[in-house]
Amino acid sequence: MSLITVNDATYPDHINDEGVTVIDFTAAWCPPCKTLLPILEELSAEYAGKANILKIDCDDSPEAASAFGVMSMPTVLVLHRGQPVEKLVGLRPKSVYASVLSRYIG
């Protein structure tokens, strides 16, 4: 399973109000963002059916980035039941993202 690419208009439709949503705020020019992409794709496969993992380009969708207070990239925002619960700024090891997801997924 791959990441769901969304934009300012479509991201609200993909937020899981009953479970976990991860939003990767990224940009095409960002080298750490490119490194993060395969990590999130692996997590998307591992957590298929348990978490929606979205990707949003901040240059193309500045309103979403502004709404969530994204100031630098990559920023990974974790929502639980539609509410922001974790914000990870900068590139982290896969184990960090998996640990955060496991807190909210039973």
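What follows is a friendly chat about a predicted model, taken one feature at a time.

Me: Hi! What should I know about the model and its numbering before we start?
Reply: This is a predicted model, where local features need pLDDT of at least 70, side-chain atom pairs count only at pLDDT 80 or more, and totals for chains, interfaces and linings use all residues. Residues are numbered from 1 along each chain as its sequence is written, and side-chain values use heavy atoms, with hydrogens and water left out.

Me: Thanks. How many disulfides does the structure hold?
Reply: The structure holds one. A disulfide here is a pair of cysteine sulfur atoms within 2.5 Å, and this one joins cysteine 30 to cysteine 33, with 2.4 Å from S to S.

Me: And what kind of bond is a disulfide, in general?
Reply: It is a covalent bond between the sulfur atoms of two cysteines.

Me: Which hand does the link of cysteine 30 and cysteine 33 have?
Reply: That link is right-handed, with 75° about the S-S bond.

Me: Are those two cysteines buried or exposed?
Reply: Cysteine 30 and cysteine 33 are both buried. Buried means under 20% relative accessible area, exposed means over 50%, and partly exposed is in between (1.4 Å probe, protein chains only).

Me: Why does cysteine 33 count as buried?
Reply: Cysteine 33 counts as buried because its relative accessibility is 3%.

Me: Where does cysteine 33 lie, and what does it touch?
Reply: Cysteine 33 lies in helix H1. Helices (H or I, at least four residues) and strands (E, at least two) are DSSP runs, numbered from the N terminus. Not counting residues up to four places away in sequence, cysteine 33 touches Thr26, Ala27, Met73 and Pro74; contact means heavy atoms within 4.5 Å.

Me: What about cysteine 58?
Reply: Cysteine 58 is in no disulfide, and the nearest cysteine sulfur, that of cysteine 33, is 7.7 Å away. Cysteine 58 is buried too, with a relative accessible area of 11%.

Me: You mentioned Met73 and Pro74. What joins methionine 73 and proline 74?
Reply: A cis peptide bond joins them, with omega at about 0°. Proline 74 sits in the loop between helix H2 (62-67) and S4. Most residues other than glycine have a negative phi, and most peptide bonds are trans.

Me: Which phi value does arginine 81 have?
Reply: Phi of arginine 81 is near 55°, a positive value in a residue other than glycine. Arginine 81 is in the loop between S4 and strand S5 (83-89), and at 56% relative accessibility it counts as exposed.

Me: Let's switch to the helices. How do H1 and H3 pack?
Reply: Helix H1 (residues 31-46) and helix H3 (residues 94-104) pack at an angle of about 35°, and their axes are 10 Å apart. Axes are lines fitted to C-alpha atoms, for helices over the stretch in contact, and angles run from 0 to 180 degrees between N-to-C directions.

Me: Which residues make that contact?
Reply: From H1 come Leu36, Ile39, Glu42, Leu43 and Glu46, while H3 brings Lys94, Tyr97, Ala98 and Leu101. The residues of this contact divide into six nonpolar, no polar and three charged. Ala, Val, Leu, Ile, Met, Phe, Trp, Tyr, Cys and Pro count as nonpolar, Asp, Glu, Lys and Arg as charged, and the others, Gly among them, as polar.

Me: How many residues are in the largest nonpolar core?
Reply: The largest nonpolar core has 18 residues, and those with the most contacts inside it are Leu43 and Leu101. A nonpolar core is a set of buried Ala, Val, Leu, Ile, Met, Phe, Trp, Tyr and Cys residues joined through side-chain atoms within 4.5 Å. Strand S2 (20-26), H1, strand S3 (51-57), strand S4 (75-80) and H3 each give two or more residues to this core. Another core, of 14 residues, lies apart from it, and includes Ile23, Phe25, Leu54 and Leu77.

Me: Last topic: where is lysine 55 found, and what does it touch?
Reply: Lysine 55 is found in strand S3 and is partly exposed, with a relative accessible area of 25%. Leaving out residues up to four places away in sequence, lysine 55 touches Leu3, Ile4, Thr5, Val6, Asp24, Thr26 and Leu37. The C-alpha atoms of lysine 55 and threonine 5 are separated by 4.8 Å, though these residues are 50 residues apart along the chain.
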